[in-house]
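Biologist: Please take me closely through the surroundings of the ligand, and then through whatever else in the fold can be described with care.

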Amino acid sequence: MNTSTANISVTKVTNSRLAEVDFDNLTFGSTFTDHMFVCDFKDGAWHNPAIVPYGPLTISPAAKVFHYGQAVFEGMKAYKDDNGEVFLFRPEQNFERINKSSKRMAIPEFPRDIFFEALHKLLDLDKGWVQSGVGNSLYIRPFAMATQVGVSASPSDEYKFIILLSPVKAYYTGDVRVTIAQKYSRSADGGVGAAKAAGNYGAQFYPTNLAREKGFQQVVWTDSNEHKYLEEAGTMNVFFRINDTLITAPTSDRILDGITRKSVISLAERAGIDVDVRRLAVSELVDAANNGSLKEIFGSGTAAVISPVSAFGYNDKVYDLQKQDDSYATKFKQQLMDIQYNRSEDPFGWRYPIAND
Ligand SMILES: *Cc1c(COP(=O)(O)O)cnc(C)c1O
C-alpha cells in the first residue's frame, strides 16, 4: 500500500509513554501517542514533512490563526482487528474533505501523497497505541492553521499541517437528549457550515452551554432564516425515522457532508429501507412525535459512530422516544462497526488496511 514518494523524515522518541497509559480510563481526545506529523507551508509550497515526538509547538502570538481563526481539521479513526491488523475507514473521503474545507478558508490544499504516507508511517510507528476490541480505536486529528506572523486581516502565507493520534474508547455513554434550535444558528447560506472550520465549533459552545443547563447534551440546528427545518447537530448529522422511513437533511453549504451519514444512507438503501433525503420541518417532527409515528432519532459521526437520541426538546416541551426492538440506530452501528473492525464482509470497499511491517 505504501507507494508514495513523499520524503518524510522520522525522529523517534527515546522513551515511549505507552506503558504509562491507562486504556480503561481514557477521556476522549486528551491522551496522545508518542509521535505526530508536521509539515510547513512557506514560499508557495509544503516543505519538510516530518514525524517528530509529540509535544508543544513554538508559535508567535501574532500568528494569524490566533486572531482570525484561519484553521480547519478532520476527524478519522484507526481500528485494530483481533489479528492485530490496523484499518482506516474511507480515509480518501477525509482527505478530500480537508482540502475542500481548506479551499473555503483560503488555506492551500495539502498533497495526497504526503497525507497518506504520513498516515502510514505514523500508524506504523504508533500501532501499539491502537487497542483491539470493539469500541477501542485511535482517533486521528489532521489539522491546518495559519502561522504567518502579523495581525493584519488577510490570509496567511504560512501554514502548518499537523496530524495527531489519540487513543479513545467509545465517545458517548448512554443516550443523548437534544434540543431544537429556535434562536441561535451554527451556519447560514453562503457561510462555512459545510467546512470543518475551527470557528464553527467555538461558535456553538455558548448556545450548547445554555442547552446543557436545561438538561440537553446537544443542539439540533435549524435553518438560520426561519428555524423551521431540521439540519444537523454540532458534530453529527441527524437521522429521523418516521414509521419505517429514514429521513435526513440534504447536504448544502450549511451542513457538513458526513462520511458516517453517507455510509448510513448506503447501508439503509442496501437493506431496502426507504431513505428520504429531504428537508424535514420541525412541525412535522412534532406531529410525528404526537401521533406516534416518530420511532427514532439518531446522530451519525466518526467519534460516536451512531448516537441514539432518547428525547428532544422544543418550545419548552420534552418529547421522549421509546426504545425500538428493531432499532435502526442499533442495526447501523453494529454493521458499521463490523466493517470497521474487520468482522464482516466489506461490500462497499470502505476498509483501508494499513500494512503490518
Ligand atoms: C465532522 C462532523 C460531522 C460528522 O462527519 P463524519 O464524517 O461522519 O465524522 C457532522 N457534522 C459536523 C458539523 C461535523 O463537524
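Modeller: In this predicted model, the shell of residues around the ligand divides into four nonpolar, seven polar and four charged. There are 15 residues around the ligand, and those that come nearest are Lys196, Tyr201, Glu232, Thr260 and Thr302.

Turning to the strands, strand 12, which covers residues 237-242, runs antiparallel to strand 13, residues 245-248, and four bridges join the two. Within this pairing, arginine 241 has leucine 246 of strand 13 as its bridge partner. The hairpin that these strands form has two residues between them, and asparagine 243 in that hairpin takes a positive phi near 50°. On to the next pairing: strand 13 and strand 14, the latter spanning residues 275-277, run parallel and are joined by three bridges, with threonine 248 standing opposite valine 277 of strand 14. The chain passes from strand 13 to strand 14 through helix 5, residues 259-270, and this β-α-β crossover is right-handed.

Charged side chains deserve a separate word. Side chains of opposite charge can pair when their charged atoms come close. The structure holds 16 salt bridges, and one of them is formed by aspartate 40 with lysine 160, whose closest N and O atoms are 2.7 Å apart. This pair links distant parts of the chain, since aspartate 40 belongs to strand 2 (residues 35-42) and lysine 160 to strand 8 (residues 159-168), with 120 residues separating the two.

How values were computed
Residues are numbered from 1 along each chain as its sequence is written. This is a predicted model: local features need pLDDT of at least 70, side-chain atom pairs count only at pLDDT 80 or more; totals for chains, interfaces and linings use all residues. Side-chain values use heavy atoms; hydrogens and water are left out. A residue is near a molecule or strand if one of its heavy atoms lies within 4 Å of it. Ala, Val, Leu, Ile, Met, Phe, Trp, Tyr, Cys and Pro count as nonpolar, Asp, Glu, Lys and Arg as charged, and the others, Gly among them, as polar. Two strands pair if DSSP finds at least two bridges between them. A crossover is right-handed if, with the strands pointing away from the viewer, the path from the first strand over the helix to the second runs clockwise. A salt bridge is a side-chain nitrogen of Lys or Arg within 4 Å of a carboxyl oxygen of Asp or Glu.
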